[in-house]
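Here's a quick tour of how the parts of this protein pack against each other. Have the model open as you read.

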Amino acid sequence: MSDRKELNIVGLIGTGMVGTTFAYALMQQGVANELVLIDADARRAEGEMMDLNHGLPFVKPMRIIAGDYSDLADADVVVICAGIGQRPGQTRLELLKTNAGIIQDIVPKITAVNQDAILVVASNPVDILTQIAAQIVGLESGRVLGSGTTLDTARLRYMLGLHYGVDSRSIHAYIVGEHGDSELPLWSLANVAGIRLADFVGANGQGYDQAALDRIFEQTRTAAYEIIQRKKATYYAIGLGLLSIVEAVLRDQHTVMTVSSPLSGQYGIKDIAISMPTIVGRQGVEEVLNLPLSESELAAFQKSAQTLKERLDELS
Ligand code: NAD
């Protein structure tokens, strides 16, 4: 058992499209020694385990098993991708109730065997489910975080990279707030190499154009709808986003990411999980950064938090 403590062990609950895409990315990165797959549909988890294991000769060795909650006892990180999507005729509140019920079922089963693992929630609505999971684990622990606007920030940076002819990794721009309709871009702080977007001219001669930036944000905000219309679900980019979060935890990287976590008074917000640039490391949430937002950004961020709180209240 003591040897197992030396290993990097990752649990995955929900081996659907998002979960298995994350698993496929994880096995190629060589960052985990063991991956435990759990799904309500045990045969699906088993099939995914077999398929992934057959790829191991092409990547770095690791152990991939289909298990149950007792196999999470030594897990360092548990990623939760279990949930249902909206069915025809189902209201948003019914969907929220179903997925909240799934989180309320899963999280106590994890904490019964493991009180140290960092929990990463990807299931939607991610901010509300993160808050519910954190209330079960302990709000102050920092051990529960949601993927939040990690994906939205990646979408924004990708599109800004295209717009300016610059590698998206060199663009420092963030989407904060709800992972959903009330999210917002922090344009006042967006920069390339410390040059604010208002003053930046890209490799292609592209300079400041607020109308173009507004269009890019709109495309970011509606990207999931556009993809779901075409291919029913999104999973590649979120799979890689989850990999980045898990890597930041396992390697104690202190990476700044727009994950969702319960705020405790920062920006005048508490009792709800929401995304802001956050330092992510071995303890999960190491610090939610205190950014000098413009007045209108702060107001929109607080409004986004209020929207989330109202949805959380609908549950009780
Ligand atoms: P999916 O239907 O392909 O997979 C969901 C899996 O969860 C299924 O295998 C199902 O059997 C399993 N499951 C359901 N209830 C369970 C339970 N109680 N215990 C264990 N497993 C259970 O769905 P998907 O496309 O993989 O999406 C999963 C979730 O991720 C959805 O809620 C989706 O909205 C969300 N998502 C989030 C983001 C993000 O940015 N956070 C992006 C895309 C999708």
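First, a term: a crossing is called right-handed if the near helix is turned clockwise from the far one by less than a right angle, and left-handed if anticlockwise. Keep in mind that this is a predicted model.

Helix 5 crosses helix 10 in the right-handed sense. Helix 5 covers residues 126-137 and helix 10 covers residues 295-314; their axes come within 10 Å and cross at roughly 65°. On the helix 5 side, look for Asp127, Ile128, Gln131, Ile132 and Gln135, which touch Leu308, Arg311 and Leu312 of helix 10.

## Helix 6 against helix 7

Next up is helix 6 (residues 150-164), which packs on helix 7 (residues 210-221) at about 140°, the axes being 9 Å apart. This crossing is right-handed.

Zooming out, the protein splits into domain 1 (3-146) and domain 2 (150-311). Their C-alpha centres sit 23 Å apart, and the contact draws 35 residues from domain 1 and 34 residues from domain 2.

Between them, the two domains bury about 2,800 Å², with 69% of that on carbon and sulfur atoms. How many salt bridges cross the interface of domain 1 and domain 2? The rule finds one. Asp76 pairs with Arg282 in a salt bridge, with 2.8 Å between the closest N and O atoms.

Definitions and conventions:
Residues numbered from 1 in each chain as written. Predicted model: local features only at pLDDT ≥ 70, side-chain atom pairs only at ≥ 80, totals over all residues. Heavy atoms only, no water. Axes fitted to C-alpha atoms, helices over the stretch in contact; angles between N-to-C directions. Helix = DSSP H or I, 4+ residues; strand = E, 2+ residues; numbered from the N terminus. Contact = heavy atoms within 4.5 Å. Domains from an automatic or database assignment. Buried area = accessible area lost by both parts, 1.4 Å probe. Salt bridge = Lys/Arg side-chain N within 4 Å of Asp/Glu carboxyl O.
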